[in-house]
Amino acid sequence: MALNIESLRKILELEREKGYTDSAVIGGLDRFLHRWSGQAIESVTTPHLLAQFRRLRLDDSKYSAMTQPHRQRWIEEIISFLSELGGMPAEKVEIMPPPSVSPPAPRKRTSSAKAQKIVGGSLEASITVLKGVSAAMAAKFERLGVKTIRDLLYFFPHRHLDYSQRKYISELSEGEEQTIMANVWQAQETRLGGRRSTEAIVGDETGNVRVVWFNNPYVAKSLPTNAQVVISGRVRLFGGRHVFESPEWELLEDRELVHTGRLVPLYPLTQGLKPRQVRKLMKGVVDGWSGQVEDFLPPELRERCKLLELPRAIVQAHYPEDETAKNNARHRLAFDELFILQLGVLAKKHEWQESQPGNPLSPHPASLGAFLKSLPFELTAAQQKVLKELLADLERAIPMSRLLQGEVGSGKTVVATAALLVAAANGCQGAFMAPTEILAEQHFTNVGQLLSRAGQQIAEEENRRTYSGILDHPLTVALLIGDLKQARKQAIQQQIAAGEIDIIIGTHALIQKEVGFKNLSLVVVDEQHRFGVAQRSALRQKGFNPHVLVMTATPIPRTLALTLYGDLDLSVIDELPPGRQAVKTKWLKPEQRDSAYAFLRRQVSEGRQAFIICPLVEESEVIQAKAAVAEYERLSGEVFPDLKLGLIHGRMSAVEKDKVMHQFRSGELQVLVSTPVVEVGIDVPNAAVMLVESADRFGLSQLHQFRGRVGRGSAQSYCMLLAENPSEIGRERLDIIEKVQDGFQLAEEDLRLRGPGEFFGTRQSGLPDLRMAKLSDVALLELARAEAIKIFEQDPGLKKPANAPLARELSRVWQGGGEVELA
């Protein structure tokens with residue numbers, strides 16, 4: 001819209017002649033200024049003038065309330081401001097290409113250094129340097145995560161409409177997206193449905209067609225008679241005749257089409273941004289600036305993997321010549337994302353392992369062998385393989401970084417205990433960290449039971465036990481959790497600092513400032529999913545660079561494991577101990593609820609225990625807790641009045657949860673009603689029934705975790721899934737979980753059905769954004785990883801001149817040292 005400076009100047013001069021009596025315009029000056037400034041602000045693009053515009057507050061002038069001298073001064077200020085604005089051209093969303101760089105892409109890239117020398121030529125510049133992008137428009141783009149010109153270039157459309165297939169008017173058919181090229185015979189404003197609209201008649205050599213734009217009278221003024229126009233959109237039948245309804249349109253001029261007659265991009269929008277406005281802006285940016293983007297991939301890698309050059313890929317991702325060009329562009333950009341992600345995690349691993357040497361640990365085969373012989377079972381082949389991998393890592397001077405995946409009950413704790421024993425045998429300390437106090441206590445109990453078989457318990461205090469006959473010195477294990485009394489906590493902290501405790505079990509409080517270690521050499525992290533840079537830094541500040549073993553019972557598909565844990569070596573216990581029975585799983589309809597309750601009662605009467613998982617109402621813990629309390633009261637009052645029920649939910653304190661879990665584990669309670677908090681790690685061997693309400697609302701991996709809470713003893717166990725009215729995907733999930741017991745297979749299915757974001761419940765924090773790549777694209781992920789490893793092996797620090805662009809891109813994408821973290 002043009003800035004109508006002259007009309008405002010004339011009105012202000014008339015107001016001056018009339019003695020500042022607010023009579024120059026009907027309705028008063030305030031009303032006129034409010035309307036004028038609302039249209040004008042988008043045209044003021046220089047920061048200095050925009051600041052002055054805002055200072056004058058033309059949109060909220062309050063002229064009618066001013067005194068006469070105040071009115072006089074204020075009008076003179078506005079007239080002076082209008083003179084400064086001068087003859088500013090009509091507002092156009094045009095792009096100012098970097099001076100001395102010829103537009104359109106593709107072209108040979110200008111080096112980054114040169115681009116920085118060009119005034120206004122930096123890709124990191126704010127989008128407000130672009131002509132037509134006001135501060136107000138920039139604020140709208142910022143809501144979409146776009147601040148700089150580079151951000152705009154990587155602001156890809158979420159899809160394209162195919163308007164590329166031109167038809168003659170006589171070939172039009174109802175319902176499809178179609179494009180015509182025609183002459184405008186007539187265009188006029190009309191009223192349709194009581195609203196001002198535009199109606200046009202256009203024609204080509206085969207006939208005429210009616211076009212309407214509902215609630216948009218302004219199009220009529222833009223379509224002069226006899227002009228050539230391109231129209232793209234859906235055709236409807238109205239009164240037996242074809243009609244284009246609110247299509248995209250463009251006058252056919254001597255330039256490339258933007259909105260019609262091609263694959264037209266659809267960009268994410270926010271309130272205040274319109275599709276045509278964004279497309280026009282993006283076309284200018286892409287043409288004017290894509291050539292400035294440095295292609296950071298080494299040429300031989302690009303050729304080997306048959307990838308487009310980066311500037312061309314960016315152009316074709318926005319405004320592709322055809323479907324093939326679009327797919328090739330997406331392939332290149334998706335490869336970039338995964339490749340840089342892999343290089344980043346490899347660099348983190350290199351930094352962790354190489355920048356500070358680790359502490360090699362001798363395997364002490366005599367002590368370890370005696371411990372393994374004392375176990376009431378033989379390690380499975382998978383456990384033996386993993387233990388061998390761990391021992392090989394521990395013997396190296398490079399600190400171990402390993403992820404151990406294994407189903408619930410596959411025996412990860414035994415393997416971890418063996419590794420901790422090796423650390424103690426070397427005169428070092430080991431820490432075993434769990435996400436909750438309940439799980440930390442469970443580990444303390446389980447590790448104690450394993451060690452009692454290998455040696456003799458010679459001392460026991462609150463949260464501390466000592467064993468003899470295992471090593472050549474007494475072995476001391478302690479539990480450190482927030483629940484301890486302050487005096488006891490301080491005493492254990494002092495013993496840890498003095499090196500009197502060999503194995504310390506607790507929550508992540510173990511790496512807090514007040515906990516000092518004497519010689520920490522191994523950290524085992526259970527079910528925290530990620531022991532990250534922040535935690536490692538905390539340990540380094542204590543002067544240690546320990547071996548780290550991260551354990552998870554959440555089966556993670558290989559593609560995700562490679563992406564999220566690319567800096568960890570992967571071990572998998574993919575075999576359950578012999579004698580473990582599959583948990584019989586059944587999806588039940590609502591009318592089978594009573595028979596489910598009857599079955600649960602029969603199992604309890606035979607001495608078993610049961611879990612009931614409450615419906616997942618909302619993400620809010622407060623609402624979940626209320627729903628759990630209501631369900632507990634219904635079940636204990638109406639359904640199982642004769643049984644002993646307990647309740648556990650996320651709003652309870654650690655002490656309350658602990659008390660209920662102890663009662664359930666000891667058999668005082670027969671049925672535990674719980675929110676999904678029960679998912680991870682709780683071990684009750686006598687529990688044989690799992691009943692999940694609203695099972696269709698959970699993902700496959702989560703349902704598998706619930707199922708893993710039972711079947712830990714010798715009795716046959718059961719998992720019953722109640723679902724009221726599942727969606728199609730919900731039904732597919734329930735069908736799969738009934739038939740499949742393998743957690744890794746289920747995880748792959750879950751990833752397929754829900755995508756990586758939902759797979760973990762929340763977005764990954766610190767992981768570079770994946771705009772183009774899909775984690776389900778195994779082939780591309782493995783190609784990117786293989787190429788990243790190849791580059792890293794040849795040049796780990798990316799110091800070679802040929803890899804300088806790659807080093808810059810890696811630093812830019814991973815700036816801030818974001819940590820890959822699972823929710």
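Trainee: Which residues do ring pairs link into a cluster?
Mentor: Ring pairs join F141, F155 and Y267. Rings of Phe, Tyr and Trp (its six-membered ring) pair if their centres lie within 6.5 Å; planes under 30 degrees apart count as stacked, over 60 as edge-to-face and the rest as tilted.

Trainee: What sort of model is this?
Mentor: This is a predicted model: local features need pLDDT of at least 70, side-chain atom pairs count only at pLDDT 80 or more, and totals for chains, interfaces and linings use all residues. Residues are numbered from 1 along each chain as its sequence is written, and side-chain values use heavy atoms, with hydrogens and water left out.

Trainee: Back to rings. How many aromatic pairs are there?
Mentor: The count is nine aromatic pairs. One of them is F698 with F706: the centres are 5.0 Å apart and the planes stand at 90 degrees, so the pair is edge-to-face.

Trainee: Are F698 and F706 buried or exposed?
Mentor: Both F698 and F706 are buried. Buried means under 20% relative accessible area, exposed over 50%, partly exposed in between (1.4 Å probe, protein chains only).

Trainee: Which charged end sits over the ring of Y63?
Mentor: That of R71, 4.6 Å from the ring centre. K283 lies over the face of Y319, at 5.3 Å from the centre of that ring. The rule asks for NZ of Lys or CZ of Arg within 6 Å of the ring centre and within 35 degrees of the ring normal.

Trainee: New topic. How many disulfides does the count give?
Mentor: Zero disulfides. The test is a pair of cysteine sulfur atoms within 2.5 Å. As for individual cysteines, C614 is buried at 0% relative accessible area, and C719 is buried at 2%.

Trainee: Now sheets. What is the strand order in the open sheet of six strands?
Mentor: The order is β18-β23-β22-β19-β21-β20, with parallel pairing. Its edge strands are β18 (584-588) and β20 (645-648), each pairing on one side only. From one strand to the next, the twist averages 15 degrees. Strands (E, at least two residues) and helices (H or I, at least four) are DSSP runs, numbered from the N terminus. Two strands pair if DSSP finds at least two bridges between them.

Trainee: Which strands pair with β19?
Mentor: β22 pairs with β19 in the parallel sense over five bridges. Q609 stands opposite A687 in β22. β21 pairs with β19 in the parallel sense over four bridges. There A610 stands opposite V671 in β21.

Trainee: Why is β19 largely enclosed by the rest of the structure?
Mentor: Because five of the five residues of β19 are buried. Q609, F611 and I613 point one way, while A610 and I612 point the other way. In a regular strand the side chains alternate between the two faces of the sheet.

Trainee: And β22 with β23: how many bridges?
Mentor: Four, in the parallel sense, between β22 (687-692) and β23 (718-722). L691 stands opposite M720 in β23.

Trainee: Which helix lies across β22?
Mentor: α20 (593-605), which also lies across β18, β19, β21 and β23. It runs at about 165 degrees to β22. Axes are lines fitted to C-alpha atoms, for helices over the stretch in contact (heavy atoms within 4.5 Å). Angles run from 0 to 180 degrees between N-to-C directions.

Trainee: Last one. Where is Y20?
Mentor: In the loop between α1 (5-17) and α2 (29-40). Y20 is buried, at 7% relative accessible area. L798 has a positive phi of about 50 degrees. L798 lies in the loop between α26 (778-794) and α27 (804-813), and is buried at 8%.
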